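Grab a pencil and work through these exercises with the structure open beside you.

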Amino acid sequence: MKAVIMAGGFGTRLRPITCNIPKPMVPVANVPMMEHIVTLLKKYDLKKIVSILYFQPEIITKYFGDGSDFGIEMSYVMATADFGTAGSVKNSEEHLKDDSFIIISGDVLTDFDLSEAIRFHREKKAMATMVLTRVTNPLEFGVVITQSDGQIIRFLEKPSWGEVFSDTINTGIYILEPEIFKYIPPQVEFDFSKNLFPLMLKEKLPLYGFIADGYWKDIGDLNEYRLAHQSVLEGTVEISIPGGRLNTIGRDVWLGANSKVGSKAKFKGGVIVGANCDIEDGVELQNCILGDGCIIKAGTRIVDSILWEGIYVGQRVRMEEAIISNSCQIKDGAVIEKGVVISEECKIGENAVIRSNVKIWPRKVVDDGSTVYSSLVWGDRWTKNLFVANGISGLANLEITPDMACKVGAAFGATLPKGSSICTSRDGHRFSRVINRALISGIASAGIHVSDLRVMPAAVARFKLGAFSRVGGIHVNISPADPNQIEIRVFDNEGRDLSPAQQKPIERLFNREDFRRVSLAETGDITFPARVTEHYQEELIARLDVASIQQKGLKVVVDYANSGASNIFSNILGRLNCGVISLNAFHSESSDYHPPTEFKRSMENIAHVVKSLGADVGFMLDPVGERLFFVDDQGRCILNEESLATWVALTLEVNPNARIAVPVSSTHILEQLAKQSGGTIVRTKTSGRALMTAALNEKPALCGDAFGGTIFPDFQPVFDGIFSGAKLLELLAKNKKPLSQVFSELPKFFVEHRKIPCPWENKGRVMRHSMEFAKDRETWLIDGVKVSLGKEEWVLVLPDPDKPYVEVTVEAGSQKRANELMGEMLKNIERWKNSD
């Protein structure tokens, strides 16, 4: 059997240490990653190896040659273009067409018993076998479910937490029969996980999964690179380490040939020292790796760090959790803080300080006594995911700073065509203005024109961007949930929140800090469009049955929550001949935050006013103008699932055959309401973006969630509290029923929802057990795992995408049973997350 090593990776996420070296040649324990793979293959008598190369192939071919120095036969296939994983193997068909072969990446670290996997493949007579393993965080991998005999029945590449149904993942190690080539088209981009394996599942071809025991790590980024070395030093992975092993109580040391160690040097934990090193007296090394030819002068302390070849470290240097590439010089008294990465041939001056997480690109010089706060030349490295559920969110002026916002703007701008246009907007808070201007600076620096709408509700800012030739937009606001948090919402040309696929390029450019800088003549223009709100109001009025509303003469109580929507909505209500009692209509910078207690008090106040004055309905807008909460004519607050059910009932009264899109987590009575009138309920994922996408693709009359968000696609495919308020008045005018009657006629339902703390590393395990719980039951995998337990009962287990929680939703035929069912599920989740 031959072996194929996929060795064409760029190693982008390992920059700057991969600026001038292909990723498979990055050393792990002083040996290139790819050599560890070669050693593993040789161990299991896989000595005929084909290496598929793409980026800097000459470095690999020069190192391995024909393979004879390593006891193998090595041949090479040079990829002429990026044809994907399967496509590049197809180009190697001439080398592989005569027998079974195994494929393995050149940039993983593993000690799997490959002979066991090969035996399994042959016993099952598989056409393709994936080697699988279990991990704590399956998001970055392909998640797999197999039958008891190992046959794969479900596979999903790089899922969101809502799509995680197991913690068993694809390692990228495959055993294939040559018949596989007839399913791979030549000279086109074709991937194993995205194309070939889904095709095999569809065609019911013999595709199996072998769950391997042992160690496996995809060294995809700098953090994983550090963790891989930690595993080596802890002995959790079996690999060959150069040098002689010196076993001593409290330490485990490998010492290379011709290396000198001072009698007063101290070693702690695991330490690997390469050949021809010189370590002077007074040096302390703890859990670190030194490459060949390193010189460490007296009094230096190095902890949890990885040093490559030929590095000079002067006296009294302090270094912790650093990665230092080849041929660097670090002079006396320098301090290298946690998370620093220094690429090759850099010079760090005496008593210089390199602050945490700074990255320094190749051949840079830091003067004596300097303090480096940001990366040379690229800037600070952000340390967490940029996007969360509400866009980009963080503590104002601590996590979301003006310089950070400028980089976000530059990253967003760099993903757009040069010379295109976007709009920006904000709430009225002065810090939102600061962040908005910083964003505009970054966007314009990337050659993108900006139409700044200044203070504007997000729903208005999102309106018909494409019609004005704008390719996207940004809105900045103080979080309605936390006065210390600021949110940056980024949306596409339809006004929708960006999809994960659209967010990734922005995150990648932001983290790499690899921004497009245009010439002075190409710098983006900044304009301030006029009549934006007037155009919005005219379009809104045109989409309503104004005559019916005017004839009804409804009396409305509105709490504007001190938002920028007050002038716009009040003008619309006036044109609809509504009698309006306005609350909190004055915009105030100090009133954007509405904690739960204040929200509840505001709704109760609206209810009191509605009941006292005999109003037909009461409204409350959120501070962003995207969500609407309402009170009926009897002063009852209609919130959450009851609000969504009321919207559905009102819509079906006027449009009996309507299609309505709702999240998978919503009550089942919505289907009951739709069936009675001839309508259709379409279930979606729970995110706002999913409902916005359904608004475009499913042709619904209404999209809604249980948090006051409604979308009317005929107007725009995004949440819009202003239009929703006007539309509710139209529905009331046409229904000829008071809102209280519509609400009272709803069928009874009982839904409970809980958020359960769950460490990130246990989420995959919980979802795997959820799938086992769902076995032999009707199950929906739209978002999370939803399981039917009977005619009126179901449960939904959904991992929170941004926080260490698992969300559980249950519905039953009575409140007592709903509480019992929730109690049972809470016990299950606790048991599942703590199971072995």
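Helices (H or I, at least four residues) and strands (E, at least two) are DSSP runs, numbered from the N terminus. You are looking at a predicted model, where local features need pLDDT of at least 70 and side-chain atom pairs count only at pLDDT 80 or more, while totals for chains, interfaces and linings use all residues. Residues are numbered from 1 along each chain as its sequence is written, and side-chain values use heavy atoms, with hydrogens and water left out.

**Exercise 1. Find the mean pLDDT of the protein chain, then look at residues 377-384.**

Step 1: pLDDT is the predictor's confidence in each residue, from 0 to 100. The protein chain has a mean of 91, and 97% of its residues reach 70 or more.

Step 2: Now go to residues 377-384, where the pLDDT is below 50. Beyond near neighbours in sequence, that stretch has 24 contacts in the model (contact means heavy atoms within 4.5 Å).

**Exercise 2. Work out how helix H16 and helix H17 are oriented, and say who touches whom.**

Step 1: Two packed helices are described by the angle between their axes and the distance between the axes. Axes are lines fitted to C-alpha atoms, for helices over the stretch in contact, and angles run from 0 to 180 degrees between N-to-C directions.

Step 2: For H16 (residues 640-654) and H17 (residues 669-677), the axes come within 10 Å and cross at roughly 5°.

Step 3: That angle makes H16 roughly parallel to H17. Angles under 35 degrees count as roughly parallel, over 145 as roughly antiparallel, 65 to 115 as roughly perpendicular and the rest as oblique.

Step 4: H16 brings Leu-644, Ala-645, Val-648 and Leu-652 to the contact, and H17 answers with Ile-669, Leu-670, Leu-673, Ala-674 and Ser-677.

Step 5: Sort them by class and you get eight nonpolar, one polar and no charged residues. (Ala, Val, Leu, Ile, Met, Phe, Trp, Tyr, Cys and Pro count as nonpolar, Asp, Glu, Lys and Arg as charged, and the others, Gly among them, as polar.)

**Exercise 3. Pick out the buried residues of helix H12 and find what they pack against.**

Step 1: Buried means under 20% relative accessible area, exposed over 50%, partly exposed in between (1.4 Å probe, protein chains only). In H12, the buried residues are Val-532, Tyr-536, Gln-537, Glu-539, Leu-540 and Ile-541.

Step 2: Their packing partners are strand S36 (449-455), helix H10 (458-461), helix H13 (546-552), H14 and helix H19 (721-735).

Step 3: Zoom in on H14 (residues 566-575): its axis and that of H12 (residues 532-542) come within 11 Å and cross at roughly 35°. This crossing is right-handed. The contact residues divide into five nonpolar, three polar and two charged.

**Exercise 4. Is Lys-23 buried or exposed?**

Step 1: Lys-23 sits in the loop between strand S1 (2-7) and strand S2 (27-28).

Step 2: Its relative accessible area is 8%, so Lys-23 is buried.

Step 3: Not counting residues up to four places away in sequence, Lys-23 touches several others, including Phe-10, Asp-107 and Gly-220. Lys-23 and Gly-220 are 197 residues apart along the chain, and their C-alpha atoms are separated by 9.4 Å.

Step 4: Pro-16 is in the loop between S1 and S2 too. The peptide bond from Arg-15 to Pro-16 is cis, with omega near 15°.

Note on methods: A crossing is left-handed if the near helix is turned anticlockwise from the far one by less than a right angle, and right-handed if clockwise.
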